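Visitor: I'd like to learn how to read a few features from a model like this one. Could you walk me through it?

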Amino acid sequence: MTRYRFVAKQALGSLFAVAFAMLIMTSSVAAEPVGGDVALHGMLPQSDAWRAYKARFVTAQGRVVDTANGLVSHSEGQGYGMLLAVAADDRATFERIWGWTRANLFIRNDELAAWRWEPDKRPAVADVNNASDGDLLIAWALVEAAAAWPDPAYRVAARRMALDIGRKLVLFNTPMGSLLLPGASGFAAEDRADGPVLNLSYYVFPAFARLPLVAPEFDWNSLVTTGLRLIEAAQFGPAKLPSDWVTFKSGNPQPAAGFPAAFSYNAIRIPLYLAWAGFDQPRYHSSFLQVWGKRGARGFPLVDLAKGQASAWAEEASYEGIPALSACATKGASFPSQLRAPQALDHYYPATLQLLALIAVRMRYPSCLKD
Amino acid sequence: MPERLMSLRASLLALVLGCGAALSAQAQEVDETALRYYAAKGQTQRVEAEARRLAGLFPGWSMPEDIWSARLPMGDEEPLWALYAAGDLDGLKRAIAQRQTTEPGWLPSDDLLRKVKRRELREQIMSKAAKAQWFAICDLASERPIGGFADDAALSWTIAEGYARCDRRAEAMSIFSRLLQRSTDANERRVTILKALGALPMADVERLLEMGQKTAAGVSEFSDLANDLTRGRIAAVLRGEREGSIDAAELAAFETYAETSQEAGAGELLAWLALRENRLDAALKWFQMARARGADPISAHGLAQTLWRLGKRREAEDVAFNSRDAVTANMILFIDMFESQLTKETLQPIEPERLLRYVKATLEARSGEGAQALGWYAYKSCQFATALDWFRRASAWLPRETTILGQAVSLQRLKKKKDFMELINRYDGLFPRLVALLFKHEREVNGGACSGPDNREQLRSSQVASLKGKASTIQVPQPGDMYEQMVASTQSLNAKDFPIAVASENPLRFPEAAGSNTKSIIARPPDPDQRPLIARRVSGVVAMPYEESELKLSPGWNGQSVPSATPLVDSAPAQGTIASRSDDRSPSAASASGMLAYGANGIGGEAVALRLRR
């Protein structure tokens with residue numbers, strides 16, 4: 001066992017050399033890694049919004065609760081909670097959420113989190129597999145925590161996670177670029193007839209700009225360039241929108257088998273992460289803005305891609321944070337004042353997305369808040 | 001940023017400064033004044049002659065599409081052109097707007113408008129470059145043809161770098177190539193190569209180098225960039241972009257440079273190359289030399305790796321420990337090194353001051369890996385209370401199966417049956433090897449070195465004695481005074497112990513969580529009666545040991561009813577990932593080291609005959 005472990009470390013040693021070489025070779029002309037300039041810390045200064053969020057969705061133990069979904073928790077939700085706590089400059093709550101996360105989700109034999117946890121179940125962990133976006137969000141939050149509150153423990157945990165994300169979840173240098181597998185198991189070419197199957201909303205673009213701070217040996221920027229290209233390629237049906245799950249088995253991406261061919265609750269985060277990372281070019285947002293323009297009284301449509309028509313509606317008002325962010329990023333539209341405070345009755349997921357959109361506006365497009 | 005390693009940056013800077021005058025002269029746009037004058041007069045032949053002259057001077061230039069349709073100035077534009085020449089674009093726009101109010105119907109000439117737009121685009125691109133917004137540069141450059149900028153080397157370099165960084169290498173290459181085709185300025189040509197070195201893979205740079213000129217004696221015009229080019233080639237090897245190593249003569253010349261210059265970066269690059277090629281003595285020499293000259297802190301990681309692989313473990317530990325604050329990779333390396341040391345099958349005596357460093361690093365990093373290693377080491381040294389303290393931390397920080405197992409067997413040794421049972425019930429359905437502790441039908445023969453009465457924390461280790469030739473004592477430091485001795489239960493195991501309803505959350509936190517002053521309104525008070533006693537199926541987990549005979553688990557969250565054939569956590573990494581490569585096949589059972597310790601020491605499992613309640 002020990003012997004094998006060190007084989008891995010040696011490989012990482014040479015990876016380090018790569019990083020080092022890249023530093024030498026690129027720093028002559030590059031000022032900063034792409035977009036790596038903006039720190040998250042302090043970007044959610046409204047203590048009321050954060051206090052309300054904590055009270056509604058974070059248990060005393062540090063578990064972030066999906067209130068619309070049987071009160072379960074996800075690695076993703078823990079990552080969101082940690083990011084929000086850093087943005088709110090609330091180290092005690094960050095510790096609480098991170099403490100729960102590691103004590104309850106890090107049950108795998110690597111540095112990735114089990115993705116689903118359900119209360120009052122025996123055992124509470126529902127699935128040993130990970131979710132790559134959850135791991136990216138947690139690792140990114142740890143990077144931001146280390147930047148905000150210097151503590152070797154945050155840096156060490158961030159780096160260990162980033163190493164396993166880079167080693168186990170990314171297919172670098174494929175003909176299609178760098179592919180982020182949605183989980184360590186179950187989505188690769190050898191796992192599914194239509195594999196690799198990807199979830200483009202797992203490309204957490206702002207995280208890729210910050211992970212080089214702890215794991216510079218990986219080419220995180222290749223995930224950015226590939227992600228942008230894949231998102232532009234995955235425009236399905238009359239609405240030209242991506243499905244939540246996409247097969248990239250051939251060069252011609254398609255909605256993946258076994259999942260609804262729909263632009264739904266996963267994919268609505270794509271424009272959030274794009275805008276958050278500074279990708280404000282209209283061509284990335286136009287098909288999203290177009291479908292949001294068709295919102296009805298019930299909210300904005302989730303789209304059946306074959307028909308190009310609404311199959312359901314994102315009804316809770318907090319979801320409006322994402323269209324508002326896209327409109328702000330692409331057109332400089334003012335971020336509506338009612339979206340700057342939490343909606344009293346909305347559930348965990350829309351409420352989280354709303355706060356994240358607000359943070360993205362503050363970090364990247366502060367002029368949209370100047371009125 | 002490794003400032004001292006910036007020789008590439010330095011030479012680039014010197015070259016740019018050296019050719020500053022030439023650059024600023026050439027950064028002007030192509031002067032089409034005469035061309036447009038002739039066109040306005042309808043003098044076709046003169047237009048063609050001027051166009052040939054410009055095309056000869058500027059290979060990227062082509063005839064403007066609007067040459068015959070462009071609107072001529074309506075009246076005197078001199079004051080406006082003066083503002084343009086002064087670079088005052090805002091003033092120019094104000095002046096245009098003002099003139100349009102005083103002279104209704106007046107419009108600036110197409111020539112002026114075009115040049116203003118071009119200048120604005122240039123400023124936008126340069127400002128994006130200063131903020132490293134390469135994708136924005138790609139978009140800006142794509143929106144408009146940059147033929148008109150063919151003579152603007154600084155802008156061309158910037159756009160080319162943008163293209164390289166947004167994954168449009170072919171376009172970057174074509175800009176660099178065009179610069180080399182056009183430019184006759186020696187410094188500008190060298191800067192072009194250096195800019196390409198910073199932006200493109202070395203293979204592309206080699207193609208650009210082939211465009212260079214040679215003297216009759218065969219000397220390349222870029223020969224004074226030799227060291228920078230060698231750096232680029234070494235970097236390509238380190239990135240895995242280049243087959244084979246560096247040409248021996250070239251490498252020897254670079255080594256001579258690295259030895260004679262005072263620059264740390266060259267030696268550091270040679271050190272990483274040697275480490276990659278497993279020339280460990282050379283790696284050691286170059287790392288030490290580079291560090292004496294003030295190398296980047298990251299070199300401490302290479303040095304520690306080299307020492308470790310040379311078998312100089314103590315020195316490797318020293319380097320890693322002393323640089324753990326500056327280099328996170330060395331904190332991790334230090335912990336991994338002592339983890340492997342502490343979890344060896346046979347107990348190795350370790351000096352107290354060394355153990356103290358392990359403790360220090362573990363607590364600083366709040367490392368589950370370090371804590372479980374100390375737990376197993378204490379366990380094998382028969383210090384079960386100390387072991388439990390470390391395992392409790394490990395379980396708070398990284399509750400893997402072997403760690404929970406370590407916590408469980410420590411509880412067992414300490415006869416803390418209630419805690420032991422709570423732990424196993426909590427992880428029933430998830431950790432089969434843990435649950436198997438209940439299903440050993442024969443009592444293990446002995447506890448190895450720790451058989452006999454537990455002498456608590458001062459037990460003699462016969463294994464250590466045999467190693468050292470004399471009796472010695474191992475004393476693992478306790479992580480704190482958290483541990484309170486509890487009254488051990490001597491009850492024998494029965495259905496009151498398993499299955500029983502326990503809280504599903506792992507409550508361990510180190511340090512203890514600070515009290516929260518916010519009231520959570522969603523925390524549903526757990527109702528112990530509602531807690532299930534039959535475990536459910538967890539995706540990715542093999543059958544529980546008791547399933548063979550008596551009981552099947554309830555379906556999983558997704559309806560799954562059959563167990564996994566193999567543990568998901570031990571499955572092979574996806575093909576094509578770095579973890580799947582032959583040089584990085586790490587068994588995912590990272591804490592199997594714990595299992596080795598566990599197996600080697602022969603833990604006394606309780607004999608149980610268990611009837612499961614339905």
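Guide: Gladly! Keep in mind that this is a predicted model. Let's begin with Ala300(B), which sits in helix H17 of chain B, spanning residues 299-309.

Visitor: Why is Ala300(B) classed as buried?

Guide: The idea is to count neighbours: a residue is buried if 20 or more other C-beta atoms lie within 10 Å of its own. Ala300(B) is buried because 22 other C-beta atoms are within 10 Å.

Visitor: Which residues does Ala300(B) touch, not counting those up to four places away in sequence?

Guide: They are Val319(B), Ser323(B), Val327(B) and Asn330(B). Of these, Val319(B) belongs to the buried residues of helix H18 (residues 313-322) of chain B, along with Ala316(B), Glu317(B), Ala320(B) and Phe321(B).

Visitor: What covers the buried residues of H18(B)?

Guide: The cover includes H17, helix H19 (328-342) and helix H20 (352-365) of chain B.

Visitor: And in the largest nonpolar core, which residues touch the most other members?

Guide: Ala139(A), Leu142(A) and Ile424(B) do, in a core of 263 residues. Helix H12 (residues 348-364) of chain A gives this core its largest share, eleven residues. As for Ile424(B), its contacts beyond four places in sequence include Ala408(B), Leu434(B) and Phe498(B).

Visitor: Last one: how do strands S4 and S5 of chain A pair?

Guide: S4(A) (residues 170-174) and S5(A) (residues 177-180) are antiparallel, with three bridges. Together they make a hairpin with two residues between the strands, and Thr174(A) lies opposite Gly177(A) of S5(A).

Key. Residues are numbered from 1 along each chain as its sequence is written. Chains are lettered from A and ligands numbered from 1 in the order in which they are written. This is a predicted model: local features need pLDDT of at least 70, side-chain atom pairs count only at pLDDT 80 or more; totals for chains, interfaces and linings use all residues. Two strands pair if DSSP finds at least two bridges between them. Helices (H or I, at least four residues) and strands (E, at least two) are DSSP runs, numbered from the N terminus. A residue is buried if 20 or more other C-beta atoms lie within 10 Å of its own, exposed if 12 or fewer, and partly exposed in between; C-beta atoms are placed from the backbone. Two residues are in contact if their C-beta atoms, placed from the backbone, lie within 7 Å. A nonpolar core is a set of buried Ala, Val, Leu, Ile, Met, Phe, Trp, Tyr and Cys residues joined through C-beta atoms within 7 Å.
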